Amino acid sequence: MANALTNIWRLSRAGIVLAQHGVRFIPAGQPVPLPLRLARLATLPITLLAAPFNAGKPKERRISNALATLGPSYIKLGQFLATRGDVIGPELAGDLGHLQDRLPPFSMAEARRAVEDALGGKLEDHFAEFGPPVAAASIAQVHKAVTIGKDGQRRTVAVKILRPGVEKRFKRDLDSYFFAARLIERVSEPVRRLKPVAVVENLARTTELEMDLRLEGAAISEMAENLQPDERFRVPGVDWTRTAKRVLTTDWIDGVPISDHARLRADGHDLKALGLTVLTSFLTHAMRDGFFHADMHQGNLFVDTAGNVVAVDFGIMGRLGHKERRFLAEILYGLITRDYRRAAEVHFWAGYVPPHHPVEVFAQALRAVGEPIHGRTADEISMADLLGQLFAYTDVFDMETRPELILLQKSMVIVEGVARGLDPSLNLWSASEPVAAEWVQANYGARGAVKKAGEGATTLARVLAEVPAMLAEAERASAGLSEMARNGLRLDPATVESLAKASSRRNRFWHAATWIGALSLAVLAAQSAGLF
């Protein structure tokens, strides 16, 4: 009861702050459950009083200010909900897309204490120089530092440190989110399909991963292994000796922010080539590797002197299984080639559309999405909008929400914006077609058949390698059964003694049950030996 009252108090405070900033968190036209209607009525006077102060402010600025006032976990909630237009509506999701994750930095004394607690010893034992914070967000902040190797070589590094007490703050606020989600699911049947509890669970998992910086280091390492030598995309190296759960040390990236177009031009970089690199890198990582950077906004991308795109901040990563990768490749390939039947069939193959819907009808819906894009100029086509229209059919065709695909859609919106900023005429379809076609050919064309044959041969070789051991085991079992058939079933002395002790300790019923069990085992063994 006390916990419920605490959560109600926290949520009420959040509602008051949102009302003060003129923020409405219910999509237009969405049915509002009774508890939320009552809450809205309770905050109506505050909204009316604050209206004159909010009149001149853009909506997205109101949301940013409100969530910044509420603290780090609400900023992260806002960023997360920006990816869930299916839950909060496209208008509000668009407003939240402008949310900047920037907070005042915590003190150098707290940063020193965090490093020393995480790595042991003194800060100077690990870093020859340690500068002030260069960036601060809701979960962590970054410092520029210098290390000296055993060979005396100086190396500039970036040190990411979690905010003090951030785990406790998030846990407290997540309790309130779960309380609200369960309440809404209980009282509102229409909202239940959107699975608000599952939404909060997803947020809880992603923030838990973000707050273990060793996992971010592992993500950087995994992506580095996936990159091919000819790619124009790279990631920083991880300094594992100076990395722990609350501290991550990586190479310092000396590059031009990808948003600084004037400086990129001045340095002789080809902006059109960079835009193509950003887009094709993202699609390649998603389809080829099933592992992609899910927060590739302009602040996380730089261009080095060689013209490579360098990504930082790997706290949010996306994963796609083979089924989801095939789904993405087939959808893009099917829409590009106008093979709507094929694109529809892959939805059914993946289990995203229930089988009681006709394939032809779903193919018709895809045609309605795909046909308008053909014959239009590149700057009139938005792949992110296209994916959004595809996902809009989830309700019509009883499709379950797929969090991994929604994260992909959100990432595509960001990547598309960065790529189009570099090259407004970038033809997304022309850029996507070779990546999608390559994946389809590699997995389902002639190369795919060879690959699958190789995988089958490997499996067969593994089985054949185990055959001698399996035959030896079978021979031993056969010899044991033959011995049993010749001489009968024998119990070793320890087993007889154990049965005797058990029978003496228990009453007559348990005495009989013990021997019935032993005799049953004997009968089963004798049957296996072919005695009767």
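This is a predicted model: local features need pLDDT of at least 70, side-chain atom pairs count only at pLDDT 80 or more; totals for chains, interfaces and linings use all residues.
Two strands count as paired here if DSSP finds at least two bridges between them. Strand 4 runs parallel to strand 9 (residues 309-311), and two bridges join the pair. Within these strands, R234 stands opposite V310 of strand 9.

The chain has 532 residues, and 45% of them are buried. Its exposed surface comes to about 27,700 Å², of which carbon and sulfur atoms supply 58%. Of the contacts between residues at least 6 apart in sequence, 67% join residues at least 24 apart.

Another open sheet is built from four strands in the order 1-2-3-5, with antiparallel pairing. Strand 1 (129-136) and strand 5 (247-251) each have a single partner strand, so one side of each is left without a neighbour in the sheet. On average, neighbouring strands here are turned by 30° against each other, direction ignored. Strand 3 (residues 154-162) and strand 5 are an antiparallel pair with five bridges, and I161 stands opposite V247 in strand 5. Helix 7 (residues 108-119) packs on this sheet and touches strand 1, strand 2 (140-148), strand 3 and strand 5. The direction of helix 7 makes about 110° with that of strand 1.

Side chains of opposite charge can pair when their charged atoms come close. Across the whole structure, a search finds 22 salt bridges. One of them joins the side chains of R246 and E167, with 2.9 Å from N to O. R246 is partly exposed, because its relative accessibility of 23% falls between the limits of 20% for buried and 50% for exposed. E167 also counts as partly exposed, at 27% relative accessibility.

What is the setting of D239 and R242, buried or exposed? Both D239 and R242 are buried. They form a salt bridge in which the closest N and O atoms are 2.8 Å apart. D239 and R242 are also linked with R155 and D251 in a network of salt bridges.

A further salt bridge joins R338 and E371, whose closest N and O atoms are 2.7 Å apart. R338 is in the loop between helix 14 (322-336) and helix 15 (340-349), and E371 is in the loop between helix 16 (359-370) and helix 17 (383-392), so the pair ties together parts 33 residues apart in sequence. R338 has a relative accessibility of 44% and counts as partly exposed. E371 is partly exposed as well, with a relative accessible area of 25%.

Conventions. Residues are numbered from 1 along each chain as its sequence is written. Side-chain values use heavy atoms; hydrogens and water are left out. Axes are lines fitted to C-alpha atoms, for helices over the stretch in contact, and angles run from 0 to 180 degrees between N-to-C directions. Contact means heavy atoms within 4.5 Å. A salt bridge is a side-chain nitrogen of Lys or Arg within 4 Å of a carboxyl oxygen of Asp or Glu. Buried means under 20% relative accessible area, exposed over 50%, partly exposed in between (1.4 Å probe, protein chains only). Accessible areas come from the Shrake-Rupley method with a 1.4 Å probe; for residues, only the protein chains shown count as cover.
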